[in-house]
Amino acid sequence: MKTPQISIIAPLYNESETFPFLIERLNNLMDSVQESIEIVLIDDGSRDNTAELMQALALADERYHCLFLARNHGHQLALTAGLAVSKGSEAVMVIDGDLQDPPELLTEFYPYLKQGYDVVYAVRKQRKENFVKRSAYYLFYRLLKSIAYVDIPLDSGDFALMSRRVVNIMNKMPEESRYLRGMRTWVGFKQIGVEYAREERHAGESKYSFKQLFNLAYSGIFNFSEFPIKFVSRLGVFSIIVSLIYFISVLIKKYYFQEVIEGFPALLFMIILFSGVQLFALGVLGEYILRVFFQSKNRPLFIIKSEIHNKEFVE
C-alpha cells in the first residue's frame, strides 16, 4: 500500500459486538472518498475475541494496520500508540471504536484542513449518556476551562482531525500521564471546532468506569493547570488569617472584657483547621510528586506485542 494521505485511529477494548458495524462504516467511508486512507486499530488488551477479529481483517485487507498491545494500557496510551505508528502524510483522525464518534465526519473535517487549519476538533452539542454523566462532563469541562493555562475547548473530546505536523509534535511529547485533548490544544497552530450530535454506543457497554473518568479528569487538571498548588497556598494564607483573627478576638475578650475562653473548644478548632489544611496540601503535593515519580522511571509508554501492516504479521 502506498503512503496514505489520512490515517484513522480507533482504540478497541472488548468491542467484538461493535466491531462488524465499525468495519462496515469504515469501509463505506474509504470507498466513498478519493483520498487514500489507512485504518489503525489498536487492541488494548481485550479479553474477548476482538484481537482475533482484527487479525483476520488486517491479513485480508492491506488498508488496515493493526496493533496488539501487551496488556491493557488504557484509552489515552492506546491512542498514543496509534499516533506513533500512523502513516498519514496529510492528517490523522482520532475516533472511538464504539461508533459514538461518526467516522463519516471526515468529509466535513477535511475541507477545513485544506483551508489551513491544523486541528479540526468535534464539539458535542448533545450527549446521549444518563443525566449524572452529562452533568459531570458539563461541570468538569467548565471547571477545567476556568483554571487551565491553555484554552481547552468546551465539550470537546479526543475526536479530531489533526495535521501531520501536529501529530509529529505530539509524538515527541513524553508525558506518562497523558491528556491528549489538552496536549492537542497546547501545541497551538490554527484550530477550529465543529459541532456534532454524539451518538449512543452501537452495542455493548461503556468501558470507561467512573474511576477511569476521574483519573482522566485528574490528568487534565494537574497536567494543564497551576490552580491546585496555588489553591493550597491561598488556603494556607486563609487559615493563618482565620487563626490570627481568632487569636486577636481571644486577647480582646481576655484583657478588655475579662472573659475567660475555654481552652478545649479553641484547641479542638485549631487542631481540626490546621490538620485539615495540612492533609489537603499533602494530597495535592502527592498528586504532583506521583506524576514526577512515574515520569522519572522513563519506561516506554506502551508495549506492542505484535503488529499487522500491509498484510504482514510482525511479532
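Okay, let's start with M162, which is found in strand β6, residues 156-163. Keep in mind that we're looking at a predicted model. Is M162 buried or exposed? Its relative accessibility is 3%, so M162 counts as buried.

Now, who sits across from M162? The bridge partner of M162 is V92. That pairing belongs to a set of 4 bridges that join β4 to β6, and those two strands run antiparallel. M162 and I6 are 156 residues apart in sequence, yet their C-alpha atoms are 9.7 Å apart in space.

So let's hop over to β1, the strand at residues 6-12. How many residues of β1 are buried? It's 7 of the 7, so this strand, too, is largely enclosed by the rest of the structure. Here's a bit of background: in a regular strand, side chains alternate between the two faces of the sheet. In β1, both of those faces are covered. On one side you have I6, I8, A10 and L12, on the other S7, I9 and P11, and they're all buried.

Which strands does β1 pair with? One is β2, residues 37-43, and the two pair in the parallel sense over 7 bridges. If you want to find that on screen, go to L12 and look across to D43 in β2, which is its bridge partner. To get from β1 to β2, the chain goes through helix α1, residues 19-32, and this β-α-β crossover is right-handed. Another partner is β4, residues 91-94, again in the parallel sense, this time over 4 bridges. There, I9 stands opposite V94.

While we're around here, have a look at N14, in the loop between β1 and α1. N14 isn't a glycine, but it has a positive phi of about 55 degrees. With 21% relative accessibility, N14 counts as partly exposed. You'll find another case at N298, where phi is near 60 degrees, also in a residue other than glycine. N298 lies in the loop between α10 and β8, and at 66% relative accessibility it counts as exposed.

Next up, a couple of helices. In α6, residues 164-171, the buried ones are R164, V166, V167 and M170. Looking down the axis of α6, the buried residues fall within an arc of 160 degrees, so they line one face of the helix.

On to charges. Side chains of opposite charge can pair when their charged atoms come close. This structure holds 7 salt bridges. Take K114 and E90, whose side chains meet at 3.4 Å, N to O. That pair links distant parts of the chain, with K114 in helix α4 and E90 in the loop between α3 and β4, 24 residues apart. K114 is exposed, with a relative accessible area of 56%, while E90 counts as partly exposed at 23%.

Then there's D118 with R165, where the closest N and O atoms are 2.7 Å apart. D118 is in the loop between α4 and β5 and R165 is in α6, so the pair ties together parts that are 47 residues apart in sequence. D118 is buried, at 6%, and R165 is partly exposed, at 45%.

And what does D158 form a salt bridge with? That would be R181, with the closest N and O atoms 3.1 Å apart. D158 is back in β6, and R181 is in helix α7, 23 residues away. D158 counts as buried at 9%, and R181 is buried as well, at 7%. There's also a network: salt bridges that share partners join D31, D61 and R63.

Last stop, the surface. There's a nonpolar patch made of I240, L244, F247, I248, L251, I252, Y255 and Y256, with about 870 Å² of accessible area together. Y255 lies in helix α9, residues 227-255. With 56% relative accessibility, Y255 counts as exposed.

Definitions and conventions
Residues are numbered from 1 along each chain as its sequence is written. This is a predicted model: local features need pLDDT of at least 70, side-chain atom pairs count only at pLDDT 80 or more; totals for chains, interfaces and linings use all residues. Side-chain values use heavy atoms; hydrogens and water are left out. Buried means under 20% relative accessible area, exposed over 50%, partly exposed in between (1.4 Å probe, protein chains only). Two strands pair if DSSP finds at least two bridges between them. A crossover is right-handed if, with the strands pointing away from the viewer, the path from the first strand over the helix to the second runs clockwise. Patches are made of residues with over 30% relative accessible area and no salt bridge: like charges are joined within 9 Å, nonpolar side chains (Val, Leu, Ile, Met, Phe, Trp, Tyr) within 5 Å. Accessible areas come from the Shrake-Rupley method with a 1.4 Å probe; for residues, only the protein chains shown count as cover. A salt bridge is a side-chain nitrogen of Lys or Arg within 4 Å of a carboxyl oxygen of Asp or Glu. The arc is that of the directions from the helix axis to the C-beta atoms.
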